[in-house]
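Trainee: I have a model open and would like to learn how to read its features. Where do we start?

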Amino acid sequence: MTDVKWHLKGRNFSHCNCSYGCPCQFNALPTHGNCEAVVGIVIEEGNHGGTKLDGLMFAGVFSWPGPIHEGHGQAVPIVDERASPAQREAILRIMSGQDTEPGATFFQVYGSMLEKVHDPIFAKIDLDIDVNARKARFIVPGVVESRGEPIINPVTKKEHRARFNMPDGFEFTLAEVGRGWAKTHGAIELNLADSHAHFAELNITGTGVIR
């Protein structure tokens with residue numbers, strides 16, 4: 001970790017291959033034994049040292065052969081094509097956990113469990129996240145096609161609402177739970193269908209979530 005301080009405030013859409021609710025959130029093993037996920041983040045306000053990050057987006061495609069904490073994962077970082085060279089460098093450092101206290105954020109924890117980080121992709125990111133509605137649209141042309149939706153009650157066909165309340169969480173303190181679909185292409189190819197997703201307001205620094 002360096003002395004560079006950073007702060008991100010925005011919205012987060014995370015979608016993985018686990019069943020609704022994702023047992024990992026409860027320190028249980030993943031539904032299918034492995035972890036596959038896509039993550040998209042919209043920065044409303046942010047900085048890395050003196051580099052402003054307001055209005056930018058970034059994302060990632062991830063895969064671990066077993067539970068995340070056993071490591072050996074791989075990732076494809078994706079950064080908004082609008083970012084300047086300094087902003088690209090800043091976002092990649094945040095994503096990799098280089099300027100974060102050990103264990104303080106999901107960036108650092110997940111980053112430390114990666115065996116292979118593929119070359120970053122700088123591309124147009126089409127990302128819209130409505131946390132309260134539990135909806136998201138996440139597209140990076142030729143790389144990611146994903147969407148998030150509310151869970152539907154199988155009897156009444158109405159939208160079902162559930163939340164994660166994580167007082168000591170390293171990603172958020174409160175998240176809306178839904179479901180998602182995703183297909184990815186390139187270095188990591190995923191095909192996720194009607195599996196767990198969550199939507200959260202993001203307010204985080206290199207020392208952890210602001211509560």
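Mentor: Start with the lining of the largest pocket, whose residues divide into 18 nonpolar, 8 polar and 1 charged. Here Ala, Val, Leu, Ile, Met, Phe, Trp, Tyr, Cys and Pro count as nonpolar, Asp, Glu, Lys and Arg as charged, and the others, Gly among them, as polar. This is a predicted model, in which local features need pLDDT of at least 70 and side-chain atom pairs count only at pLDDT 80 or more, while totals for chains, interfaces and linings use all residues. Residues are numbered from 1 along each chain as its sequence is written, and side-chain values use heavy atoms, with hydrogens and water left out.

Trainee: What volume does the largest pocket have?

Mentor: A pocket is an open set of points on a 1 Å grid over the protein atoms alone, where a 1.4 Å probe fits, with protein on both sides within 12 Å along at least five of seven lines; lining residues have an atom within 4 Å of a point. Grid points are joined across faces, edges and corners, and a volume is the space filled by probe spheres set on the points. The largest pocket has a volume of about 610 Å³. Its lining has 27 residues, and the closest to the centre are Cys24, Gln25, Ile68, Tyr110 and Phe170.

Trainee: Which elements give two or more residues to the lining?

Mentor: Helices (H or I, at least four residues) and strands (E, at least two) are DSSP runs, numbered from the N terminus. Strand 1, strand 2, strand 4, helix 2 (106-112) and strand 15 (191-205) each give two or more lining residues. Strand 2 supplies the largest share, 4 residues.

Trainee: Which strands pair with strand 2, and over how many bridges?

Mentor: Two strands pair if DSSP finds at least two bridges between them. Strand 1 pairs with strand 2 in the antiparallel sense over 11 bridges, and His15 has Val38 as its bridge partner there. Strand 2 (residues 35-48) is also antiparallel to strand 4, over 8 bridges; Glu36 is partnered by Ser63, and Gly40 stands opposite Ala59. Strand 3 (residues 51-52) runs antiparallel to strand 2 and is joined to it by 2 bridges, with Asn47 opposite Lys52. The hairpin of strand 2 and strand 3 has 2 residues between the strands, and Gly49 takes a positive phi near 60° in it.

Trainee: How many residues of strand 4 are buried?

Mentor: In strand 4 (residues 57-64), 8 of 8 residues are buried. Met57, Ala59, Val61 and Ser63 point one way, and Phe58, Gly60, Phe62 and Trp64 the other. Strand 4 is also joined to strand 5 (residues 73-80) by 6 antiparallel bridges, where Ala59 has Ile78 as its partner.

Trainee: Is Ser14 buried or exposed?

Mentor: Ser14, in strand 1 (residues 6-16), is buried because its relative accessible area is 8%. A polar contact is a pair of N or O atoms within 3.5 Å; within protein, one must be able to donate a hydrogen and the other to accept it, and residues adjacent in sequence count only if both atoms are side-chain atoms. The side chains of Ser14 and Glu171 make a polar contact of 3.4 Å.

Key:
Buried < 20%, exposed > 50% of the residue type's maximum accessible area, 1.4 Å probe, protein only.
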